[in-house]
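Please keep the sequence and the model in view while reading.

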Amino acid sequence: RVKDQRIGIIRFYSSKVREFTAEELDFAVAVADIGAVAIENAKLHEALKQRLAALKEDVDGWYQFLAFS
């Protein structure tokens, strides 16, 4: 969960049919939350890289424009 929004599903298996304890479920939720944060960070990083590339193109364009002015 990121910002109270679910972004995926994670499934945990056991070799035996049983119920998971509250502690195991809390651990599973913590693992899922960390995974969600990692996914969100990767998305933000990619968006930032794309924005930086666009800004570099803009700056290059301005340098070329000013150089020929």
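Helices here are DSSP runs of H or I with at least four residues, numbered from the N terminus. The model is a predicted one.

Q: In which helix is V31 placed?
A: The helix in question covers residues 22–67. V31 has its place within this run, which is helix α1.

Q: Is V31 buried, partly exposed or exposed?
A: Buried means under 20% relative accessible area and exposed means over 50%. The relative accessibility of V31 is 30%, so V31 counts as partly exposed.

Q: What accessible area do the residues of the nonpolar surface patch have together?
A: The patch lies on the surface and is formed by I10, F12, F20, L25, F27 and V31. Together these residues have an accessible area of about 540 Å².

Q: How many salt bridges does a search of the whole structure find?
A: Side chains of opposite charge can pair when their charged atoms come close. Another joins K49 to E46, with 3.6 Å between the closest N and O atoms. For the whole structure, the number of salt bridges found is two.

Q: By about how much of the helix are K49 and E46 separated?
A: Both residues belong to helix α1. K49 is partly exposed at 44% relative accessibility, and E46 is partly exposed at 36%. Because they are three residues apart in the helix, K49 and E46 are separated by about one helical turn.

Key: Residues numbered from 1 in each chain as written. Predicted model: local features only at pLDDT ≥ 70, side-chain atom pairs only at ≥ 80, totals over all residues. Heavy atoms only, no water. Patch = residues over 30% accessible without salt bridge, like charges linked within 9 Å, V, L, I, M, F, W, Y side chains within 5 Å. Areas by Shrake-Rupley, 256 points an atom, 1.4 Å probe, with all protein chains shown as cover. Salt bridge = Lys/Arg side-chain N within 4 Å of Asp/Glu carboxyl O. Helix = DSSP H or I, 4+ residues; strand = E, 2+ residues; numbered from the N terminus. Buried < 20%, exposed > 50% of the residue type's maximum accessible area, 1.4 Å probe, protein only.
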